[in-house]
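Dear colleague,

I am passing on the structure below, together with an account of what was found in it. Please look it over first, and then read the notes that follow.

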Amino acid sequence: MRVRFWGTRGSLPVALTSTGVRRKLRSALTYALEAGVTDVDALLANLDRDADFAVTHTYGGHSACVELDTGAGEFIVCDLGSGARPLGNDLLQRAAAGRPRIVNVFLSHVHWDHIMGFPFFAPAYDPDWTIRIHGGHAELEHALRLQQSAPCFPVPFDRLAARIEFVRLEPGVPHMTNGIEVAIKKQRHSGDSYGYRFTRSGRRLVYTTDSEHRPEDAEEAAGFVEFFRGADLVVFDAMYSLLDAISVKEDWGHSSNIVAVELCQRAAVKHLCLFHHEPAYDDEQIEQVLRETVRFEELTRGEAARLMISSASDGLEIDV
Amino acid sequence: MPPSGEVSSSAIAPVGRIGAGLLPASRYADVVVVAPQDRLDHANGDAFSLALEPYLADCRPGGIHLVLDLSALRYVSSAGLRCFMLAAKQAKAQGGEVVIAGMQAVVREIFEISRFTLLFKVFDDVSAALEALSPRAAQVHRGR
């Protein structure tokens with residue numbers, strides 16, 4: 001299974017600013033001058049080898065949208081944030097190569113940043129497509145219709161040409177989609193959110209975003225440890241620092257890199273991917289969080305196996 | 001045994017057990033120094049907060065300053081950090097202040113990564129904390 005990130009930003013899409021671009025340019029040009037490299041391809045190769053990701057790339061700014069690609073059969077997508085727009089265009093091309101025109105969407109919840117891409121999701125406008133929207137909430141359809149109601153959007157939901165179905169999932173009741181077993185877990189978030197665990201041929205992905213974890217709630221933590229147990233990859237909402245998450249931003253419904261590592265270490269997870277990045281952070285800040293998280297894992301690993309840690313970026317692919 | 005505010009040249013040691021460890025506390029004039037031991041996590045966080053409460057209650061103007069001496073603390077989890085956060089919050093609400101002293105390297109890094117260094121004044125050791133908080137306490141500490 002391949003996990004493909006189309007949107008990784010929390011709460012609100014953001015764009016790389018001119019200031020950010022200039023900073024990257026300055027860093028790259030400084031490197032080139034100091035290294036005396038004049039060949040562009042060689043310079044890019046050297047930069048990729050030596051420079052920070054924040055210099056050579058950007059983490060991107062689309063809100064949450066993550067694809068789980070099995071390489072064949074129906075498509076599987078978690079959340080429909082603004083990243084659903086480029087995803088939709090890509091799906092049209094891949095379907096043209098023979099894949100079934102069926103998308104299975106699993107919504108963590110219906111807050112705006114997780115559904116705002118749907119009105120721009122090209123398959124929704126094609127009568128040959130079927131879009132099945134799964135979730136734990138009763139108001140999935142209501143929310144999607146609401147955001148396309150006047151005066152918020154010019155195209156009403158009923159004008160969408162695709163066949164659109166809604167599937168309510170229950171925690172504790174496994175669900176099968178395209179040969180993948182899907183488990184759902186209720187999470188602490190305003191209006192609730194749901195995490196998903198996808199298991200296929202012994203490989204396991206957990207998608208858990210917009211989930212607040214209270215350090216003092218040992219029972220809740222144990223439940224997540226069990227949900228994460230042995231996962232090959234956990235995509236985790238690490239939007240805030242621990243201090244913010246448990247003080248000024250308590251009840252805002254998000255979590256931290258510290259708790260992410262603690263839970264994943266206890267659950268013997270192999271790979272943690274930090275997700276739902278704070279929109280106020282630039283690329284350098286996100287990279288700093290990654291570096292610090294890697295260090296925190298080193299500090300607290302003990303005798304356990306290493307937990308691999310990465311930070312999600314728009315366009316990133318991870319094989320599970 | 002909440003401090004009375006009297007000047008004392010003798011340390012008040014140890015005052016209570018936290019889980020399998022101790023919470024030694026020492027008093028220097030108007031400063032109380034408490035020193036959590038070994039680990040602070042979900043297993044002993046509540047006991048730590050309970051043991052800290054008498055000192056916190058007096059951490060206010062006219063009462064005491066409170067120093068968390070972390071020189072004997074090897075590890076602190078998110079649950080343990082939350083105990084520190086709640087202590088700082090209560091002290092601030094009362095007009096008092098809790099400061100940190102003597103962190104080991106690992107705990108200092110955990111504080112930095114979790115951004116808890118933004119919450120507390122951090123001193124290299126207890127002496128430096130006392131110098132900053134109270135000349136009287138620093139004097140008592142030097143002469144102990």
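**A salt bridge within a helix**

A:Glu141 forms a salt bridge with A:Arg145, and the closest N and O atoms of the pair are 3.0 Å apart. Please keep in mind while reading that this is a predicted model. Both A:Glu141 and A:Arg145 belong to helix α5 of chain A, which covers residues 140–147, and they are separated by 4 residues, or about one turn of the helix. Over all chains, the structure holds 40 salt bridges.

**Where the two chains meet**

Between chain A and chain B the count is 3 salt bridges. In one salt bridge between these chains, the side chains of A:Arg295 and B:Glu109 meet with an N to O distance of 2.7 Å. Across the interface of chain A and chain B, 5 residue pairs are found in polar contact, with both residues of each pair at pLDDT 80 or more.

Which helices of chain A each supply at least two residues of the side that touches chain B? They are α7 (242–246), α8 (257–266) and α9 (283–300), and α9(A) gives the largest share of that side, with 6 residues. By type, the residues of the side of chain A that touches chain B comprise 9 nonpolar, 5 polar and 4 charged.

Taken from both sides, the contact involves 18 residues of chain A and 17 residues of chain B. The size of an interface is often given as the accessible area lost when the parts come together. Chain A and chain B bury about 1600 Å² between them, and 68% of this lies on carbon and sulfur atoms. On the side of chain A, the residues that lose the most area to chain B are A:Leu243, A:Ile246 and A:Leu299, which together account for 31% of what that side buries.

**A sheet in chain B**

Chain B contains an open sheet of 5 strands in the order β3-β4-β6-β8-β9, and the pairing is mixed. The edges are formed by β3 (25–28) and β9 (122–123) of chain B, each of which has a single partner strand, so one side of each is left without a neighbour in the sheet. The partner β4(B), residues 31–34, runs antiparallel to β3(B), and 4 bridges join the two strands. Within this pairing, B:Ala25 stands opposite B:Val34 of β4(B). Helix α1 of chain B (residues 45–57) packs on the sheet, where it touches β3, β4, β6 (65–69) and β8 (98–101) of chain B, and the direction of α1(B) makes about 150° with that of β6(B).

With best wishes

How values were computed. Residues are numbered from 1 along each chain as its sequence is written. Chains are lettered from A and ligands numbered from 1 in the order in which they are written. This is a predicted model: local features need pLDDT of at least 70, side-chain atom pairs count only at pLDDT 80 or more; totals for chains, interfaces and linings use all residues. Side-chain values use heavy atoms; hydrogens and water are left out. Two strands pair if DSSP finds at least two bridges between them. Contact means heavy atoms within 4.5 Å. Axes are lines fitted to C-alpha atoms, for helices over the stretch in contact, and angles run from 0 to 180 degrees between N-to-C directions. Buried area is the accessible area (1.4 Å probe) that two parts lose on being put together, summed over both. A salt bridge is a side-chain nitrogen of Lys or Arg within 4 Å of a carboxyl oxygen of Asp or Glu. A polar contact is a pair of N or O atoms within 3.5 Å; within protein, one must be able to donate a hydrogen and the other to accept it, and residues adjacent in sequence count only if both atoms are side-chain atoms. Ala, Val, Leu, Ile, Met, Phe, Trp, Tyr, Cys and Pro count as nonpolar, Asp, Glu, Lys and Arg as charged, and the others, Gly among them, as polar.
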